[in-house]
Amino acid sequence: MKTLIVYYSRTGNTKAVAELIHAQVGGDLVTLETQEKRPTNYRAEVDLNAREQLQNQLPPLKTTIPDFEQYDRIFIGAPTWNMALPQAVLTFLATYDLTDKTIIPFNTHGGYGAGQMVAQIQAAVGDATVLPVLSVAGGAEINGQLLAIEGQTKEVVAKKVMIWLQKID
């Protein structure tokens with residue numbers, strides 16, 4: 001079984017969780033990046049994403065995944081923005097055929113949980129199998145806390161990842 005771990009991360013929290021998953025299951029680790037540079041200012045980024053959501057715009061990705069069909073198991077990681085996936089992740093979901101794949105979502109958030117993430121993924125992947133989501137509190141960027149998944153918190157999250165992986169396996 002070939003594994004892909006693909007994630008979108010603004011501050012490094014989702015990346016930290018992706019790396020913890022990668023350490024446990026191996027596979028290929030891929031960062032989703034958009035063709036156009038995203039705003040570095042949090043409020044500007046969230047506002048841009050909200051406009052894209054309203055207008056149903058999917059920002060083109062710079063990231064390409066060669067031989068995508070070789071993957072059976074795909075972990076998809078993203079932060080929650082406006083209770084939903086970042087539009088870049090929706091671009092990924094619209095770009096690749098996820099039929100007959102096992103989709104394993106993971107999420108970081110500032111205190112509000114996964115929002116509509118799982119429903120959005122389910123709607124985009126058709127008859128693919130979607131396993132239960134891992135949802136982890138990351139930074140609260142609105143309060144100036146960027147990277148929260150480090151040090152002692154990273155150890156706690158690593159245990160949470162391990163327990164989640166055992167549960168879904």
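The residues that line the second largest pocket divide into four nonpolar, five polar and seven charged, where Ala, Val, Leu, Ile, Met, Phe, Trp, Tyr, Cys and Pro count as nonpolar, Asp, Glu, Lys and Arg as charged, and the others, Gly among them, as polar. This pocket has a volume of about 380 Å³, and of its 16 lining residues, Y8, S9, E33, K37 and R38 are the closest to its centre. A pocket here is an open set of points on a 1 Å grid over the protein atoms alone, where a 1.4 Å probe fits, with protein on both sides within 12 Å along at least five of seven lines, and a lining residue has an atom within 4 Å of a point. Grid points are joined across faces, edges and corners, and the volume is the space filled by probe spheres set on the points.

The model is predicted, and local features need pLDDT of at least 70, side-chain atom pairs count only at pLDDT 80 or more, while totals for chains, interfaces and linings use all residues. Residues are numbered from 1 along each chain as its sequence is written, and side-chain values use heavy atoms, with hydrogens and water left out.

The protein chain comes to five helices and six strands, which from the N terminus on run β-α-β-α-β-α-β-α-β-β-α; helices (H or I, at least four residues) and strands (E, at least two) are DSSP runs, numbered from the N terminus. The radius of gyration, taken over C-alpha atoms, is 15 Å, close to the 15 Å that the globule rule (2.2 Å times the number of residues to the power 0.38) gives for 169 residues, so the chain is as compact as a globular protein of that length. Buried residues, those under 20% relative accessible area with a 1.4 Å probe and protein chains only, make up 46% of the 169 residues.

Where does helix α3 sit in this arrangement? Seven of the nine residues of α3 (residues 87-95) are buried, so this helix is largely enclosed by the rest of the structure. The buried ones are Q87, A88, V89, L90, T91, F92 and L93, and what covers them includes β1 (3-7), α2 (42-54), β3 (73-79) and α4 (117-125).

F68 lies in the loop between α2 and β3 and is buried, with a relative accessible area of 5%. Not counting residues up to four places away in sequence, F68 touches L4, I74, F92, Y96, D97, L98 and K101, a contact meaning heavy atoms within 4.5 Å. F68 and L4 are 64 residues apart in sequence, yet 8.8 Å apart in space, C-alpha to C-alpha.

Technical notes: Buried < 20%, exposed > 50% of the residue type's maximum accessible area, 1.4 Å probe, protein only.
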